[in-house]
Each structure stands twice: as structure tokens, then as C-alpha cells.
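Biologist: I am learning to read models that contain two chains, and I would like to look closely at one part, the place where the chains meet. Could you take me through it slowly?

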There are 2 protein chains.
Amino acid sequence: MSGTSRIGEVMALDRLVHEPARLLILAVLANAREVEFGFLEQVSGLSKGNLSSHMSKLEAGGLVEVKKSFRGKRPLTELRITAAGRKALADYRQRLAAVMQELPEAPTPRK
Amino acid sequence: MSGTSRIGEVMALDRLVHEPARLLILAVLANAREVEFGFLEQVSGLSKGNLSSHMSKLEAGGLVEVKKSFRGKRPLTELRITAAGRKALADYRQRLAAVMQELPEAPTPRK
DNA sequence: CAAATAAGTTTGCAGTGCAAACTAGTCTAT
DNA sequence: ATAGACTAGTTTGCACTGCAAACTTATTTG
């Protein structure tokens, strides 16, 4: 029962997490203790500008923490996912799993 | 191998499909031969206006076909997913599956 | 006839993502 | 020493988008 009861799950996706660029960032952060801005720039392929603004949004939403310091004389920005961030990601993953159940596996579900 | 080789998959998600409202619409369409506007409005919880505009975008993108007719004297709009729509949805599903592999199952992957 | 309902479409606006421009400081070469 | 390039980001500007509200056109009901 209830193929249709979960049919609205998809609408409850957290938009802050749902955005591909941010999802990517969170996925990387979730798998490391702490990550440098530059590293994230490399692996994500995002421009610095883009990365910076997504970072700010994630920070504003409390999903990541940003730590600014210096390495030698150069500025260094490091990101870390917060507990809330992990929770948001876990929730998102869960809903996503529910969504995938709605999507037909096969190209065409003959009716 | 290559947990990192798929790390960019998330960026290749089709935005036309990625939008929750449209994903919902496509998911419904994929599981029926043809669906009425009104029915979609009910199950999606979207307003007519919203539904109409998403429908237009999906149509413009060639993912759905819209057939207009009359039932008795009232206009009747029916939607059907196209072959391209099924393909887009299948591709999306596949990428989504790849994405989910990046997301940690457990709340916290202790490092 | 007037008002309500049906079935959508169009409009207006607030919010967003992205690229390009900008900032601030450091390093290098002359 | 200072002009120019590089590093490490941030801010700005704009085009696009999703959503709610207003509008349209026709039908049914009181």
C-alpha cells in the first residue's frame, strides 16, 4: 500500500541541500573532518566566486562552519560540516531514497 | 575504485527534472499512460497556476506532451510523458543513484 | 440575469545561481 | 623600491525561475 502516500515526499526536499553545487559541497564535507577552500574549489570545479557564495549560504543556514586563519602569511579558509549539517544531509538522503522509489527502474513500465 | 571519480556527477543533474515540482509531475506521468490536469493538481498539491507553468516548461523541453480537448463542454487537458521524458527521467534516476553513493548512510562517519 | 464554479493562463515579484569585477595582501623581477 | 603578477577569496550585476495572485473564458446554478 501507499505508493501514493509517499508521492508528496519530493516536495519536502530541503532546497538548501537540494541545490547540486551545495549537495556536492556537503557530500565532500561529510566525508572529511575539515576541508580547505582551495581543495573544495578543485574537486568541485566551482569557481571561487560561486563556491564562496554557496559556502555563505550553507553557513547562514547553520549547515557548515567556516574557520578563517592564516597559513604562513596567506589567508586560509577551512570548512567543516556541523551536526545540523549532518542531520540535514541525512534527512535529505532519506527523502531522496523515498523519491527514488517513485521513479520507475525500467525505461518503460508497460501498462 | 573511484569514489572521487563520481564526485562530479551531482553537477550533471538535469535542472529541468531536478526541480521537485517537476520531478513529482514526471514521476506521476511515468506511472500512468495519460493523466488529467485536474488529477495532477490533486495529487501534487500544486496550485493550478504553478502546475500550468511547470507543465509548459516540461512541454517546451519535450519531456511531456499536452493534449487539449473537451469533456462535454469543458476544456480538458491531459498530459503524457514522451520517450525523451522517460529517458531524461531514467538518466536523472541513474545520476541520483550515483549521488546517493556519495552521501554517507550513517549520521556520522567517524574518522 | 447575476453569481459561482471550472479549468487553466498570464503577470509580478522576490529570491537564486552564476560569471565577471573587485579587494587585499604577497611574491617576483628589475 | 616599485611595477606587475599571483593568491585567496568576496561582492556585484544580471538573467532566470518558482510561486502566488490576478485574470480569462466559458459553464452551470440560483
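Predicted model: local features only at pLDDT ≥ 70, side-chain atom pairs only at ≥ 80, totals over all residues.

What radius of gyration does chain A have, given that a compact globule of 111 residues would have one near 13 Å?

Modeller: Chain A has a radius of gyration of 17 Å, whereas a compact globule of 111 residues would come out near 13 Å. Its C-alpha atoms fill a box of roughly 65 × 25 × 20 Å along the principal axes, and 44% of its 111 residues count as buried. Chain A is built from 5 helices and 3 strands, which follow one another from the N terminus in the order α-α-β-α-α-β-β-α. If we take the contacts in chain A between residues at least 6 apart in sequence, 54% of them join residues at least 24 apart.

Helix 2 of chain A, residues 20-30, is mostly covered, with 11 of its 11 residues buried; the run begins with A:Pro20 and ends with A:Ala30, and A:Leu23, A:Ile25 and A:Val28 are among the buried residues in it.

Now to the contact itself, to which chain B gives 32 residues and chain A also gives 32 residues. Together the two chains bury about 3,200 Å² between them, and 70% of that area lies on carbon and sulfur atoms. Within the area that chain B buries against chain A, B:Arg93, B:Met100 and B:Leu103 supply 21%, more than any other three residues.

B:Glu19 forms a salt bridge with A:Arg15, in which the closest N and O atoms are 2.9 Å apart, and the count of residue pairs in polar contact between the two chains is 8. Turning to the side of chain B that touches chain A, the elements that give two or more residues to it are helix 1 (15-18), helix 2 (20-30) and helix 5 (83-102) of chain B. Helix 5 of chain B provides the largest share of that side, namely 9 residues. Sorted by class, the side of chain B that touches chain A consists of 23 nonpolar, 3 polar and 6 charged residues.

Definitions and conventions
Residues numbered from 1 in each chain as written. Chains lettered and ligands numbered in written order. Heavy atoms only, no water. Buried < 20%, exposed > 50% of the residue type's maximum accessible area, 1.4 Å probe, protein only. Helix = DSSP H or I, 4+ residues; strand = E, 2+ residues; numbered from the N terminus. Contact = heavy atoms within 4.5 Å. Buried area = accessible area lost by both parts, 1.4 Å probe. Salt bridge = Lys/Arg side-chain N within 4 Å of Asp/Glu carboxyl O. Polar contact = N/O pair within 3.5 Å; in protein donor to acceptor, adjacent residues only side chain to side chain. Nonpolar A, V, L, I, M, F, W, Y, C, P; charged D, E, K, R; others polar. Rg over C-alpha atoms; globule rule 2.2 N^0.38 Å.
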